Amino acid sequence: MKLNEFIERWNDESEVVEVQTSGSTGTPKKMMVEKERMRASARITCQFLGLKEGDTALLCMPLDYIAGKMVVVRALVAHLQLIAVEPSSHPLKGLDSAPTFAAMVPMQVIKSLEEPEEAERLRQIKHLIIGGGAIDAALEERLRSFPNAVWSTYGMTETLSHIALRRISGSEASLWYTPLDSVSISTDADGCLIVDAPKVCSQRLTTNDIAIMDAEGRRFRIVGRRDNVICSGGIKIQMEEVERLLKPHINCQFVITKRHDPLLGEAVTLLYEGEASLKEKIEDACRGILPRHWHPRYIMSIDRIPMTETGKPARARIAQMVN
(Lines give C-alpha, C1' and ligand atoms only; values in the text may rest on other atoms or scores of the structure.)
Protein backbone atom coordinates (compact mmCIF):
# COMPACT_ATOMS: atom_id res chain seq x y z
CA MET A 1 0.00 0.00 0.00
CA LYS A 2 1.25 3.50 -0.85
CA LEU A 3 1.13 6.42 1.58
CA ASN A 4 -1.36 8.49 -0.43
CA GLU A 5 -3.64 5.45 -0.71
CA PHE A 6 -3.65 4.93 3.06
CA ILE A 7 -4.27 8.62 3.80
CA GLU A 8 -7.15 8.59 1.30
CA ARG A 9 -8.70 5.60 3.09
CA TRP A 10 -8.04 7.20 6.47
CA ASN A 11 -9.96 10.31 5.41
CA ASP A 12 -12.93 8.51 3.85
CA GLU A 13 -16.28 8.01 5.58
CA SER A 14 -15.55 4.48 6.81
CA GLU A 15 -14.99 4.06 10.53
CA VAL A 16 -12.55 1.16 10.03
CA VAL A 17 -9.39 0.31 8.08
CA GLU A 18 -7.94 -3.05 7.10
CA VAL A 19 -4.66 -4.32 8.55
CA GLN A 20 -2.75 -7.57 8.18
CA THR A 21 -1.14 -9.68 10.91
CA SER A 22 2.53 -10.62 10.59
CA GLY A 23 2.06 -14.38 10.24
CA SER A 24 4.87 -15.26 12.65
CA THR A 25 2.91 -18.22 14.04
CA GLY A 26 0.83 -19.15 11.04
CA THR A 27 -0.87 -17.78 7.94
CA PRO A 28 -1.16 -13.96 7.89
CA LYS A 29 -4.75 -12.79 8.26
CA LYS A 30 -6.54 -9.54 7.60
CA MET A 31 -8.69 -7.75 10.13
CA MET A 32 -10.68 -4.53 10.33
CA VAL A 33 -9.80 -2.06 13.07
CA GLU A 34 -11.58 1.07 14.25
CA LYS A 35 -10.05 4.42 13.35
CA GLU A 36 -11.05 5.94 16.68
CA ARG A 37 -9.10 3.28 18.57
CA MET A 38 -6.09 3.93 16.33
CA ARG A 39 -6.35 7.62 17.19
CA ALA A 40 -6.48 6.75 20.89
CA SER A 41 -3.39 4.57 20.56
CA ALA A 42 -1.57 7.37 18.75
CA ARG A 43 -2.44 9.92 21.43
CA ILE A 44 -1.27 7.61 24.24
CA THR A 45 2.11 7.01 22.57
CA CYS A 46 2.70 10.64 21.63
CA GLN A 47 1.87 11.79 25.16
CA PHE A 48 4.17 9.16 26.69
CA LEU A 49 7.08 10.18 24.45
CA GLY A 50 6.37 13.90 24.64
CA LEU A 51 6.07 14.31 20.88
CA LYS A 52 4.76 17.71 19.87
CA GLU A 53 3.55 19.54 16.78
CA GLY A 54 6.32 20.06 14.24
CA ASP A 55 8.46 17.12 15.38
CA THR A 56 9.55 14.83 12.57
CA ALA A 57 8.52 11.17 12.30
CA LEU A 58 10.18 8.62 10.03
CA LEU A 59 7.96 6.14 8.16
CA CYS A 60 10.21 3.27 7.07
CA MET A 61 7.98 0.20 7.44
CA PRO A 62 5.36 -1.28 5.09
CA LEU A 63 1.89 0.21 5.31
CA ASP A 64 0.26 -3.22 5.02
CA TYR A 65 0.94 -3.79 8.73
CA ILE A 66 -0.21 -1.98 11.86
CA ALA A 67 3.27 -0.67 12.76
CA GLY A 68 3.56 1.33 9.55
CA LYS A 69 -0.03 2.55 9.65
CA MET A 70 0.36 3.75 13.24
CA VAL A 71 3.39 5.89 12.38
CA VAL A 72 1.18 7.76 9.91
CA VAL A 73 -1.71 8.02 12.37
CA ARG A 74 0.60 9.41 15.06
CA ALA A 75 1.81 12.04 12.60
CA LEU A 76 -1.76 13.00 11.69
CA VAL A 77 -3.01 13.08 15.29
CA ALA A 78 -0.03 14.97 16.79
CA HIS A 79 0.65 17.13 13.71
CA LEU A 80 4.10 15.71 13.18
CA GLN A 81 6.08 16.19 9.98
CA LEU A 82 6.15 12.81 8.26
CA ILE A 83 9.31 11.70 6.45
CA ALA A 84 8.44 8.70 4.27
CA VAL A 85 11.17 6.47 2.84
CA GLU A 86 10.98 3.17 0.98
CA PRO A 87 11.01 0.27 3.49
CA SER A 88 14.52 -1.22 3.47
CA SER A 89 17.27 -2.49 5.75
CA HIS A 90 18.94 0.97 5.61
CA PRO A 91 16.11 3.43 6.33
CA LEU A 92 18.43 6.30 7.32
CA LYS A 93 20.53 6.17 4.15
CA GLY A 94 20.34 9.46 2.28
CA LEU A 95 18.72 11.45 5.10
CA ASP A 96 20.33 14.81 5.82
CA SER A 97 19.35 14.79 9.48
CA ALA A 98 17.88 12.47 12.07
CA PRO A 99 14.13 12.49 12.70
CA THR A 100 12.73 13.24 16.14
CA PHE A 101 10.87 9.92 16.19
CA ALA A 102 11.34 6.63 14.37
CA ALA A 103 9.91 3.13 14.62
CA MET A 104 12.06 0.28 13.29
CA VAL A 105 12.42 -3.49 13.41
CA PRO A 106 15.65 -4.94 14.89
CA MET A 107 17.08 -5.79 11.47
CA GLN A 108 16.88 -2.14 10.37
CA VAL A 109 18.70 -1.04 13.52
CA ILE A 110 21.41 -3.67 13.10
CA LYS A 111 22.01 -2.74 9.46
CA SER A 112 22.06 0.98 10.25
CA LEU A 113 24.74 0.40 12.88
CA GLU A 114 26.97 -1.18 10.22
CA GLU A 115 27.36 2.14 8.35
CA PRO A 116 29.10 4.97 10.26
CA GLU A 117 26.97 7.81 8.86
CA GLU A 118 23.74 5.91 9.43
CA ALA A 119 24.86 4.86 12.90
CA GLU A 120 25.44 8.49 13.85
CA ARG A 121 21.97 9.48 12.61
CA LEU A 122 20.53 6.58 14.58
CA ARG A 123 22.17 7.92 17.75
CA GLN A 124 20.64 11.34 17.09
CA ILE A 125 17.03 10.13 16.96
CA LYS A 126 15.38 11.47 20.11
CA HIS A 127 12.85 8.65 20.41
CA LEU A 128 13.59 5.34 18.70
CA ILE A 129 11.10 2.52 19.26
CA ILE A 130 11.98 -1.02 18.17
CA GLY A 131 9.40 -3.74 17.65
CA GLY A 132 8.38 -6.63 15.44
CA GLY A 133 10.92 -9.04 16.86
CA ALA A 134 13.22 -9.83 19.77
CA ILE A 135 16.19 -7.59 20.48
CA ASP A 136 19.13 -9.84 21.28
CA ALA A 137 21.59 -9.13 24.09
CA ALA A 138 24.39 -7.98 21.78
CA LEU A 139 22.22 -5.36 20.09
CA GLU A 140 20.79 -4.19 23.38
CA GLU A 141 24.30 -3.70 24.74
CA ARG A 142 25.23 -1.50 21.76
CA LEU A 143 22.12 0.62 22.23
CA ARG A 144 22.57 1.08 25.97
CA SER A 145 25.06 3.94 25.52
CA PHE A 146 22.86 5.90 23.10
CA PRO A 147 22.40 9.52 24.29
CA ASN A 148 18.67 9.61 23.56
CA ALA A 149 15.72 7.37 24.35
CA VAL A 150 15.63 3.90 22.79
CA TRP A 151 12.64 1.70 23.59
CA SER A 152 11.69 -1.93 23.04
CA THR A 153 7.97 -2.25 22.40
CA TYR A 154 5.41 -4.92 23.30
CA GLY A 155 2.19 -5.25 21.38
CA MET A 156 0.42 -6.90 18.47
CA THR A 157 -1.97 -6.10 15.65
CA GLU A 158 -4.97 -6.64 17.94
CA THR A 159 -3.71 -3.95 20.33
CA LEU A 160 -3.02 -1.54 17.46
CA SER A 161 0.76 -1.59 17.85
CA HIS A 162 2.39 -1.44 21.30
CA ILE A 163 0.73 -1.23 24.70
CA ALA A 164 3.95 -1.29 26.76
CA LEU A 165 7.50 0.04 26.45
CA ARG A 166 10.84 -0.94 27.94
CA ARG A 167 13.70 1.56 28.06
CA ILE A 168 16.93 0.17 26.61
CA SER A 169 19.26 3.19 26.71
CA GLY A 170 20.71 5.29 29.50
CA SER A 171 20.38 5.16 33.25
CA GLU A 172 16.65 4.33 32.99
CA ALA A 173 17.32 1.07 31.10
CA SER A 174 15.25 -1.81 32.44
CA LEU A 175 14.44 -5.46 31.85
CA TRP A 176 10.75 -4.77 32.55
CA TYR A 177 8.00 -3.53 30.23
CA THR A 178 5.83 -0.76 31.61
CA PRO A 179 2.23 -0.61 30.31
CA LEU A 180 1.09 2.67 28.81
CA ASP A 181 -1.65 4.85 30.28
CA SER A 182 -5.05 3.08 30.69
CA VAL A 183 -3.49 -0.38 30.12
CA SER A 184 -3.55 -3.04 32.83
CA ILE A 185 -2.01 -6.50 32.72
CA SER A 186 -2.27 -9.86 34.50
CA THR A 187 -1.55 -13.53 33.80
CA ASP A 188 -3.73 -16.61 33.49
CA ALA A 189 -3.25 -20.07 35.03
CA ASP A 190 -0.77 -20.98 32.28
CA GLY A 191 1.30 -17.85 32.89
CA CYS A 192 0.13 -16.18 29.66
CA LEU A 193 -0.17 -12.40 29.65
CA ILE A 194 -3.67 -10.88 29.75
CA VAL A 195 -3.95 -7.34 28.37
CA ASP A 196 -6.81 -5.01 29.30
CA ALA A 197 -6.53 -1.91 27.09
CA PRO A 198 -10.08 -0.60 26.67
CA LYS A 199 -9.10 2.48 24.66
CA VAL A 200 -7.47 0.43 21.89
CA CYS A 201 -9.05 -3.02 22.17
CA SER A 202 -12.74 -3.73 22.77
CA GLN A 203 -12.14 -6.82 24.93
CA ARG A 204 -9.58 -8.24 27.31
CA LEU A 205 -7.00 -10.12 25.30
CA THR A 206 -5.37 -13.32 26.51
CA THR A 207 -2.12 -13.62 24.61
CA ASN A 208 0.06 -16.64 23.88
CA ASP A 209 3.02 -14.88 25.50
CA ILE A 210 4.27 -16.41 28.75
CA ALA A 211 5.08 -13.55 31.14
CA ILE A 212 6.65 -12.91 34.53
CA MET A 213 5.17 -10.10 36.64
CA ASP A 214 7.17 -7.87 38.97
CA ALA A 215 6.49 -7.82 42.72
CA GLU A 216 3.97 -4.98 42.39
CA GLY A 217 2.14 -6.68 39.52
CA ARG A 218 2.53 -3.58 37.37
CA ARG A 219 5.40 -4.42 35.02
CA PHE A 220 6.22 -7.61 33.14
CA ARG A 221 8.83 -9.58 31.22
CA ILE A 222 8.16 -11.95 28.33
CA VAL A 223 9.72 -15.42 28.50
CA GLY A 224 8.38 -16.72 25.18
CA ARG A 225 5.26 -17.91 23.40
CA ARG A 226 3.09 -20.78 24.61
CA ASP A 227 3.09 -22.07 21.01
CA ASN A 228 6.88 -22.32 21.23
CA VAL A 229 7.04 -24.66 24.21
CA ILE A 230 8.68 -28.02 23.52
CA CYS A 231 7.45 -30.83 25.76
CA SER A 232 10.44 -33.18 25.59
CA GLY A 233 10.32 -36.26 27.81
CA GLY A 234 7.94 -34.48 30.16
CA ILE A 235 10.17 -31.39 30.46
CA LYS A 236 8.88 -28.05 29.09
CA ILE A 237 11.50 -26.10 27.15
CA GLN A 238 10.94 -22.59 25.73
CA MET A 239 12.37 -22.17 22.22
CA GLU A 240 13.19 -18.51 22.75
CA GLU A 241 15.16 -19.24 25.92
CA VAL A 242 17.31 -21.82 24.10
CA GLU A 243 17.93 -19.30 21.30
CA ARG A 244 18.80 -16.55 23.78
CA LEU A 245 21.43 -18.69 25.52
CA LEU A 246 23.01 -19.89 22.28
CA LYS A 247 22.99 -16.62 20.32
CA PRO A 248 26.29 -15.23 21.66
CA HIS A 249 28.04 -18.51 20.87
CA ILE A 250 26.83 -19.46 17.37
CA ASN A 251 28.13 -17.32 14.52
CA CYS A 252 25.45 -18.07 11.94
CA GLN A 253 21.72 -17.67 11.55
CA PHE A 254 19.83 -20.39 13.43
CA VAL A 255 16.44 -21.15 14.92
CA ILE A 256 15.08 -23.61 17.46
CA THR A 257 12.00 -25.65 16.62
CA LYS A 258 10.49 -28.98 17.65
CA ARG A 259 10.22 -32.30 15.89
CA HIS A 260 8.09 -35.34 16.66
CA ASP A 261 10.21 -37.96 18.39
CA PRO A 262 9.05 -41.51 19.22
CA LEU A 263 11.00 -41.56 22.49
CA LEU A 264 10.60 -38.01 23.83
CA GLY A 265 7.32 -37.02 22.21
CA GLU A 266 8.84 -33.74 21.02
CA ALA A 267 12.56 -33.14 20.52
CA VAL A 268 14.54 -29.89 20.53
CA THR A 269 15.66 -29.28 16.95
CA LEU A 270 18.13 -26.68 15.66
CA LEU A 271 18.18 -25.48 12.05
CA TYR A 272 21.06 -23.33 10.85
CA GLU A 273 22.19 -21.58 7.70
CA GLY A 274 25.63 -22.71 6.60
CA GLU A 275 27.89 -25.58 5.68
CA ALA A 276 27.47 -29.02 7.18
CA SER A 277 30.94 -28.62 8.71
CA LEU A 278 29.53 -26.08 11.19
CA LYS A 279 27.50 -28.77 12.91
CA GLU A 280 30.35 -29.88 15.17
CA LYS A 281 30.96 -26.33 16.43
CA ILE A 282 27.25 -25.92 17.12
CA GLU A 283 27.16 -29.19 19.03
CA ASP A 284 30.15 -28.04 21.13
CA ALA A 285 28.39 -24.74 21.90
CA CYS A 286 25.23 -26.58 22.95
CA ARG A 287 27.13 -28.91 25.27
CA GLY A 288 28.99 -26.02 26.86
CA ILE A 289 26.04 -23.66 27.34
CA LEU A 290 22.73 -25.52 27.63
CA PRO A 291 21.33 -27.72 30.40
CA ARG A 292 21.64 -31.35 29.32
CA HIS A 293 17.93 -31.85 28.66
CA TRP A 294 17.87 -28.74 26.44
CA HIS A 295 20.48 -30.10 24.00
CA PRO A 296 19.12 -30.30 20.43
CA ARG A 297 18.46 -33.92 19.50
CA TYR A 298 18.50 -32.93 15.83
CA ILE A 299 20.79 -30.33 14.19
CA MET A 300 20.25 -29.66 10.49
CA SER A 301 21.76 -27.35 7.88
CA ILE A 302 19.35 -25.55 5.54
CA ASP A 303 19.81 -22.95 2.80
CA ARG A 304 17.65 -20.28 4.40
CA ILE A 305 15.52 -20.00 7.52
CA PRO A 306 11.96 -18.94 6.57
CA MET A 307 11.10 -15.47 7.85
CA THR A 308 7.94 -13.38 7.84
CA GLU A 309 7.76 -10.07 5.99
CA THR A 310 8.32 -8.31 9.32
CA GLY A 311 11.55 -10.19 10.00
CA LYS A 312 10.39 -12.79 12.51
CA PRO A 313 11.08 -16.53 12.20
CA ALA A 314 8.10 -18.12 10.43
CA ARG A 315 7.63 -20.73 13.16
CA ALA A 316 4.77 -22.62 11.52
CA ARG A 317 6.65 -23.06 8.23
CA ILE A 318 9.83 -24.00 10.08
CA ALA A 319 8.00 -26.72 12.01
CA GLN A 320 6.61 -28.12 8.77
CA MET A 321 10.13 -28.45 7.39
CA VAL A 322 11.18 -30.92 10.09
CA ASN A 323 7.99 -32.94 10.62
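Ser184 stands opposite Asp196 in strand S11. The model is predicted: local features need pLDDT of at least 70, side-chain atom pairs count only at pLDDT 80 or more, and totals for chains, interfaces and linings use all residues. Residues are numbered from 1 along each chain as its sequence is written, and side-chain values use heavy atoms, with hydrogens and water left out.

S10 and S11 (residues 192–196) run antiparallel and are joined by four bridges. Two strands count as paired if DSSP finds at least two bridges between them. Strands and helices are DSSP runs numbered from the N terminus; a strand (E) has at least two residues and a helix (H or I) at least four. S10 belongs to an open sheet of four strands, in the order S10-S11-S12-S13, with antiparallel pairing. Its edge strands are S10 (184–187) and S13 (220–225), each pairing on one side only. From one strand to the next, the twist averages 50 degrees.

## Strand S6 and its partners

Strand S6 covers residues 127–130. S6 pairs with strand S5 (residues 101–104) in the parallel sense, over four bridges. Here Met104 has Ile130 in S6 as its bridge partner. S6 is also joined to strand S7 (residues 149–156) by four bridges, again parallel. In that pairing His127 stands opposite Ala149. Strands of a sheet pair through backbone hydrogen bonds, either parallel or antiparallel.

Which residues cover the two faces of S6? His127 and Ile129 lie on one side, Leu128 and Ile130 on the other, and all are buried. Buried means under 20% relative accessible area, exposed means over 50%, and partly exposed lies in between (1.4 Å probe, protein chains only).

## Helix H4 against helix H5

The axes of helix H4 (residues 106–113) and helix H5 (residues 116–124) come within 7 Å and cross at roughly 125 degrees. That makes H4 oblique to H5. Angles under 35 degrees count as roughly parallel, over 145 as roughly antiparallel, 65 to 115 as roughly perpendicular, and the rest as oblique. Axes are lines fitted to C-alpha atoms, for helices over the stretch in contact, and angles run from 0 to 180 degrees between N-to-C directions.

Val109, Lys111, Ser112 and Leu113 of H4 meet Glu118, Ala119 and Leu122 of H5. By class, this contact has four nonpolar, one polar and two charged residues. Ala, Val, Leu, Ile, Met, Phe, Trp, Tyr, Cys and Pro count as nonpolar; Asp, Glu, Lys and Arg as charged; the others, Gly among them, as polar. Contact means heavy atoms within 4.5 Å.

Val109 is buried, with a relative accessible area of 0%. Leaving aside neighbours within four places in sequence, Val109 is in contact with Met104, Leu122, Ile130, Leu139 and Leu143. Pro91 is 18 residues from Val109 in sequence and 8.8 Å away in space, C-alpha to C-alpha.

Gln108 also lies in H4. Is Gln108 buried or exposed? Gln108 counts as buried, at 3% relative accessibility. Not counting residues up to four places away in sequence, Gln108 touches Cys60, Met61, Ser88, Ser89 and Pro91. Ser112 counts as buried too, at 0% relative accessibility. With the sequence range up to four places left out, Ser112 touches Ser89, His90, Pro91, Leu92, Glu118, Ala119 and Leu122. Ser112 and Cys231 are 119 residues apart in sequence and 38 Å apart in space, C-alpha to C-alpha.

## Nonpolar cores

A nonpolar core is a set of buried Ala, Val, Leu, Ile, Met, Phe, Trp, Tyr and Cys residues joined through side-chain atoms within 4.5 Å. The largest has 67 residues, of which Met38, Met104, Leu122 and Leu143 touch the most other members. Helix H3 (residues 66–78) gives the most to this core, with seven residues.

What does Met38 touch, not counting residues up to four places away in sequence? Its contacts are Trp10, Val17, Val33, Ile66, Lys69, Met70, Val73 and Leu160. A second, separate core of 18 residues includes Ile230, Ile237, Tyr272 and Leu290.

## An exposed loop residue

Glu172 lies in the loop between strand S8 (161–167) and strand S9 (178–179). Glu172 counts as exposed, at 54% relative accessibility. Glu172 and Thr207 are 35 residues apart in sequence and 27 Å apart in space, C-alpha to C-alpha.
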